[in-house]
Amino acid sequence: MTQLPEKTDRKMGLVIDLDTCVGCHACVVSCKGWNTENYGAPLSDQDPYGADPSGTFLNRVHSYEVQPENGPAQLIHFPKSCLHCEDAPCVTVCPTGASYKRTEDGIVLVNEKDCIGCGLCAWACPYGARELDKAEGVMKKCTLCVDRIYNENLPEEDRVPACVRTCPSNARHFGDLGDPDSEVSQLVAERGGMDLMPEQGTKPVNKYLPPRPKDRLNEEIDILAPLLAPVVEEPKGFLGWLDKTLEKL
Amino acid sequence: MHPAPSIIAFSTFSGLGLGLLFWLGIDATAPTGWVAFAFFAIGYALAVGGLISSTFHLGRPERAIKAFTQWQTSWLSREAWCAVAALVTMGIYAFLLVFFDTQVSILGWIGAAFALATVYTTSMIYAQLKTVPRWNTVLTSALFLALSIAGGALLSGRVTIGLILLLVAGGLQALWWKTGDARFKQSGTDLNTATGLGNIGEVRAFEPPHTGTNYLLNEMVYTVGRRHAQKLRMIALVLMLVLPVLLLLLPYPHIFGLLALISHIAGVLVSRWLFFAEAEHVVGLYYGMR
């Protein structure tokens, strides 16, 4: 049913730390690996070993350069997947009821048996979180690894989304963002977690932790330095004459 | 946005056909017998042909029937219902006119209302999308409705009202283009809000997630042909408005009326192509594009 639930019991989602993400794309690979052989249709590739490869991914890592007014530019790696929005516009536009938001945990899912592949949900999503699979003709999106997080056949440490489990720099956290006492909620409060495109009114559940301020190299490090005589001196003799003459030319 | 030929053909021809059905529905002295048959056949061929063409862009057209279920939230589902309601009501109305020379006006009015409602729901599929600021305006619905009624008037041979409606539609088209150019900026969405990094400094897309293309870029970051947009706008406006108006002012309405109609349809097709090709989806920002 494409009516959004008024509220969900829990708000399961991800917290992504832009400060620690190293841009290794391991989450992209593990996501594709898990989701191509588990929930729903496989994530197909087109021309994977040819000249023009493309394929379906549920998670992609962008990189942005940010140039502060003073100081060197910063490179920030930016993983992006479904944000499991509270006011998910992708759900309400669906004509068949294939897209839905779960009342129990707020996960946005696609029932692939009902999907007609019209693509309207992908148009409605501002984040590019949904991709139509070319081979299957149905819409694919992040399931928050719904087939892992409740899966009692897996060891407990594996009951988190594949991207979270695999991240080597601990930049991805999973938990209930509706519970203010949960670890992820505390992390968001502590680090000033933010929404992407808040003006779109989607109320994303996933939060992004902004990069911490960088150290500055141009500040004086040694308090004795100003008291010491400068090491480099003006050249004297022949070199001094050469320097002056060349300067005049 | 990718200008899929199936969607351009659908929205142009079904809009035209539904416009014709609208005029036939509200006509106090509607044609009967074979003349009525001809008119309704054209209206149905365009409307139904357009609707069928729209299923070609589906990934799973065999499940299209499921699109009737979510009318409470989805404009696409509402469109499906309105289209069926319009075609069924007008079908009965036409049947009585053609075979029994009987006009049941109330059926015609209901059918006409559903015909316009179908065009409106089509326009709302686009106008509802906050993610495409150029579309996200009531002007989109006004433009679709005006073009449908104007085209229907031409098709049903109504010269005077057709002339007026052409001018209205042309004016709305110009206004839609003019205001549309500024709407992305007005939406307030930019790379700063997309990444949340704007308070550190100037954000620039440095490296995309992959070297190749993907579904999102093909479908929503379609930039081909935008560079000719201004020329194509002029061509569209001349074909859909200027030429038909001049042709309609000439004598011999049958020959020149037909030419006016053909020119108008060609113009609307160009305009509809631009409707998609010029529309920028906010997801392009993540890729450093528009």
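**Strands, interface and confidence**

A: Let me begin with a pair of facing residues: in this predicted model, R60(A) stands opposite K80(A), which belongs to strand 5 of chain A.

Q: How many bridges join strand 4 of chain A to strand 5 of chain A, and do they run parallel or antiparallel?

A: The two strands run antiparallel, and eight bridges join strand 4 of chain A to strand 5 of chain A.

Q: And what sits between them?

A: Strand 4 and strand 5 of chain A form a hairpin with six residues between them, and in that turn G71(A) has a positive phi of about 95°.

Q: Which strand of chain B pairs with strand 4 of chain A?

A: That is strand 1 of chain B, residues 202-207, which pairs with strand 4 of chain A in the antiparallel sense over five bridges. Within this pairing, Y64(A) stands opposite A205(B), while the bridge partner of V66(A) is V203(B).

Q: Stepping back to the interface, how many residues are in contact?

A: On the chain A side there are 54 residues, in contact with 46 residues of chain B. Strand 4 (59-67), strand 5 (74-81), helix 3 (120-124) and strand 8 (131-132) of chain A each supply at least two residues of the side that touches chain B, and strand 4 gives the most, with eight residues.

Q: What is that side made of, by class?

A: The side of chain A that touches chain B has 30 nonpolar, 16 polar and eight charged residues.

Q: Changing topic, where in chain A is confidence lowest, and where is it highest?

A: Helix 7 of chain A (residues 237-248) is lowest, at a mean pLDDT of 86, whereas strand 11 of chain A (residues 207-209) is highest, at 97. For chain A as a whole the mean pLDDT is 92, and 96% of its residues reach 70 or more.

Q: Is helix 7 of chain A buried or in the open?

A: The number of buried residues among its twelve is zero, so helix 7 of chain A lies largely in the open. From its first C-alpha to its last, helix 7 of chain A reaches 17 Å, close to the 16 Å expected at 1.5 Å a residue.

Q: What about the overall form of chain A?

A: Chain A has seven helices and eleven strands. Its radius of gyration is 25 Å, well over the 18 Å that the globule rule gives for 249 residues, so chain A is more spread out than a compact globule. Along the principal axes, its C-alpha atoms fill a box of roughly 90 × 50 × 40 Å, and buried residues make up 45% of the 249 residues.

Note on methods: Residues numbered from 1 in each chain as written. Chains lettered and ligands numbered in written order. Predicted model: local features only at pLDDT ≥ 70, side-chain atom pairs only at ≥ 80, totals over all residues. Contact = placed C-beta atoms within 7 Å. Helix = DSSP H or I, 4+ residues; strand = E, 2+ residues; numbered from the N terminus. Nonpolar A, V, L, I, M, F, W, Y, C, P; charged D, E, K, R; others polar. Pairing = 2+ DSSP bridges. pLDDT = per-residue confidence, 0-100. Expected span 1.5 Å × (residues − 1). Buried ≥ 20, exposed ≤ 12 C-beta atoms within 10 Å, placed from the backbone. Rg over C-alpha atoms; globule rule 2.2 N^0.38 Å.
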